[in-house]
Amino acid sequence: MNDRIAKLQAYMENRALDAVLITLPKHVFYLTGYASDPHERFLGLLLARGEEPTLVVPALDEEAARGAAKGVGAFATHTDTDDPYAVLKGLLPGGIRRFGLEKTHLTVSRFERLNEALGASEYVDVDEPLREMRVVKSDDEIVRLKRAVSLVEEVLRRGLEKVAPGVTEIEIVAELEYQMKKLGSEGPSFSTSVLAGEKSAMPHGTPGLRKIQSGELLLIDLGVFADGYASDITRTFAVGDIDDELKRIYDTVLQANLRAIEATRPGVTYASIDKAARDVIEAAGYGPQFVHRLGHGLGIDIHEFPSIHAGTADLLVAGAVFTVEPGIYVPGLGGVRIEDDVRVTDSGVEVLTSFPKELTVIG
């Protein structure tokens, strides 16, 4: 944690920033180890040149913050009747000119209050250095990610035991999310998706009272948070016997998934691995039915940088973790998506997910 703060402080020096304020709770966690949802209350990590890092928290969270935060030199609190921006102003020396903040996170109303209190002459976005730091996962982060993957795969195994014709999508969702908590995760990393039959052709469909039937596909997309890190896996199953076209679609998506993973290694572009998967699907005649990017970064957020698509020219670096999730979606018939979580290594790739990908018949 101290190394991360030190990197941000070095960025401050290079950019001649007088101070930086981090307000995104995920970034506060990333930099200090303190995880919190402050709701509407103010939370911020303040870095001022020549000063110890200060964590500003609601008074009701002070004990938890002091117990969890690392690399923080001081703590400041505010009650529900205090003005947190006045508290912040009191922590800073006068004459602040260049002030760093997260422009993609800070709301206009909060920025206006901040500007009124500080009156800096220039506000500089610090999202870029944070994004670059987060791309490369440390050994500790990989351990946490692997635990999140292990948990979600056991959740999926247990949830599949409840699948049978006549059971509704939402009943399976309820079982999966019950198992998430029972097995010790912090909860789902996104809304669990269970889509049956023709609904599996909707990449972002909503589970409901639709009953699972024999002879159709069942798509399950789920993830959990564990130790602050997310997992994300999708598997598609056959409920009883399915027709030949659905089998052909499944085989095509599986080959696209494998081809993209084979193409993953340091130094290639993210666009190239998207193309590796897309070429397989297009050759099979389903190009227009692959309607989304190949994947996305994964870490303390379920969707992180980079976004993996044809326009992403960034190069893969060792330590990056992301999803590989090609899909084919045929309206009125069904859809298949097969998603793995992968890590770029010094020489190639490590697939973090191990749940079987061969077409499996259930129910």
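Which side chain meets that of glutamate 350 in a salt bridge? In this predicted model, the partner is lysine 146, with an N to O distance of 2.9 Å. Glutamate 350 belongs to strand 19 (residues 349-351) and lysine 146 to helix 7, so the pair ties together parts that are 204 residues apart in sequence. Glutamate 350 is partly exposed, its relative accessible area being 22%, and lysine 146 is likewise partly exposed, at 36%.

By the criterion applied, the salt bridges number 25. One of them joins glutamate 304 to lysine 137, whose closest N and O atoms are 2.9 Å apart. Because glutamate 304 lies in strand 14 (residues 304-308) and lysine 137 in the loop between helix 6 (127-135) and helix 7 (139-160), this contact ties together parts that are 167 residues apart in sequence. Both glutamate 304 and lysine 137 are buried. The two residues also take part in a network of salt bridges that includes Lys26, Arg134 and Asp301.

A salt bridge within a helix is formed by the side chains of glutamate 62 and arginine 66 (2.9 Å, N to O). These residues are four apart in helix 3 (residues 62-68), and therefore about one helical turn separates them. Glutamate 62 is partly exposed, with a relative accessibility of 27%, as is arginine 66, at 47%.

The largest pocket holds about 450 Å³ of space. It is lined by 20 residues, of which Pro203, His204, Asp221, His303 and Arg337 are the closest to its centre. Nine residues of this lining are polar, six are charged and five are nonpolar.

Key
Residues numbered from 1 in each chain as written. Predicted model: local features only at pLDDT ≥ 70, side-chain atom pairs only at ≥ 80, totals over all residues. Heavy atoms only, no water. 1 Å grid on protein atoms, 1.4 Å probe; cavity = no way out; pocket = protein on both sides within 12 Å on 5 of 7 lines; lining within 4 Å. Points joined across faces, edges and corners; volume = space filled by probe spheres on them. Nonpolar A, V, L, I, M, F, W, Y, C, P; charged D, E, K, R; others polar. Salt bridge = Lys/Arg side-chain N within 4 Å of Asp/Glu carboxyl O. Helix = DSSP H or I, 4+ residues; strand = E, 2+ residues; numbered from the N terminus. Buried < 20%, exposed > 50% of the residue type's maximum accessible area, 1.4 Å probe, protein only.
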